[in-house]
Amino acid sequence: MPLTENEVQPDGEPDAQSTAKTQQRIATAYHEAGHAVMAVVLGRSVQKATIAPAQLQSGATRLGVCEMKKGRERASKDVLEDDILILLAGMVAEAKFTGQYCQRGAAQDLRGVNRLLQQRGGSERQLQRLHRRMLDKAEYLLSDATNSAAVDRVAKELLERTTISGRSVRYLFDQQASK
């Protein structure tokens with residue numbers, strides 16, 4: 001992504017703040033692309049994905065969002081598991097770019113995962129094992145060559161356009177699947 005003139009210091013080097021913002025924007029694009037691609041993989045329809053920041057009612061800032069449509073394209077064996085995988089996919093895809101999980105950035109997603117896991121019941125240890133198993137499954141699904149390439153394409157598109165429709169997500173996924 002090209003830097004603008006005001007993001008370059010007199011010596012021609014980008015300043016640390018603009019570099020950090022660029023890195024955060026790319027990480028956010030991968031995060032939202034992960035949610036979107038996992039949703040498509042699991043038969044959910046995406047309404048839109050965006051990396052446009054927004055102020056939440058709580059006062060916090062949201063860096064991006066992937067909105068799902070109601071309903072499904074195909075039946076699911078385990079709706080709860082699908083929802084957990086979609087939530088975890090953002091952090092997993094973001095780690096593809098950053099090299100590590102950013103639990104702070106995925107805090108809202110992780111709270112959602114914990115709420116969903118509580119519905120399964122069981123001891124704290126069982127829930128932790130299930131959480132780890134779901135994280136491993138999200139990593140496995142997104143490491144598939146087609147899915148990984150789709151995450152890259154959706155992230156690139158988000159960086160170029162900021163917001164893309166669910167139809168665009170589906171189109172980019174289908175393009176990768178047909179290769």
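Helices here are DSSP runs of H or I of at least four residues, and strands are runs of E of at least two, numbered from the N terminus. By that count the protein, a predicted model, has six helices and five strands. Along the sequence they follow the order α-β-β-β-β-α-α-α-α-β-α. One of the helices is α6, residues 166-177, which holds both R170 and D174, four residues apart, or about one turn of the helix.

An α-helix has 3.6 residues a turn, so residues three or four places apart point the same way. Side chains of opposite charge can pair when their charged atoms come close. R170 and D174 do form a salt bridge, with 3.3 Å between the closest N and O atoms. Both partners are partly exposed: D174 has a relative accessible area of 37%, and R170 has one of 25%.

Another joins the side chains of R44 and D83, at 2.8 Å from N to O. R44 lies in strand β1 (residues 44-50) and D83 in helix α2 (residues 79-98), so this bridge ties together parts that are 39 residues apart in sequence. The cut-off for a buried residue is under 20% relative accessible area. R44, at 14% relative accessibility, therefore counts as buried, while D83, at 22%, is partly exposed.

A further bridge is formed by the side chains of D78 and R120, with an N to O distance of 2.5 Å. This pair also links distant parts of the chain: D78 sits in the loop between β4 (65-72) and α2, and R120 is in helix α3 (residues 107-120), 42 residues away. D78 is partly exposed at 23% relative accessibility, and R120 is partly exposed at 40%. Elsewhere, R132, D136 and E139 are linked in a network of salt bridges.

The largest nonpolar core has 46 residues, and the members that touch the most others are V37, M38, I84, L88, L142 and V154. Helices α1 (16-41), α2, α3, α4 (124-143), α5 (145-161) and α6, together with strand β1, each supply at least two residues. The greatest contribution is that of α1, which gives ten residues.

L142 shows how one core member meets its surroundings. Leaving aside residues up to four places away in sequence, L142 touches G34, V37, M38, A89, V92, A93, N147, S148 and V151. Two of the residues on that list, V37 and M38, are also named among the core members with the most contacts to other members.

After α1 comes G43, which has a positive phi near 85°.

Some totals describe the protein as a whole. Of its 179 residues, 40% are buried. The accessible surface is about 10,600 Å², and carbon and sulfur atoms account for 48% of that area. Among contacts with a separation of 6 or more, 64% are between residues 24 or more positions apart. The bridges R44 to D83 and D78 to R120 each link parts of the chain at such a distance, 39 residues apart in the one case and 42 in the other.

Methods: Residues numbered from 1 in each chain as written. Predicted model: local features only at pLDDT ≥ 70, side-chain atom pairs only at ≥ 80, totals over all residues. Heavy atoms only, no water. Buried < 20%, exposed > 50% of the residue type's maximum accessible area, 1.4 Å probe, protein only. Contact = heavy atoms within 4.5 Å. Areas by Shrake-Rupley, 256 points an atom, 1.4 Å probe, with all protein chains shown as cover. Salt bridge = Lys/Arg side-chain N within 4 Å of Asp/Glu carboxyl O. Core = buried A, V, L, I, M, F, W, Y, C linked by side-chain atoms within 4.5 Å.
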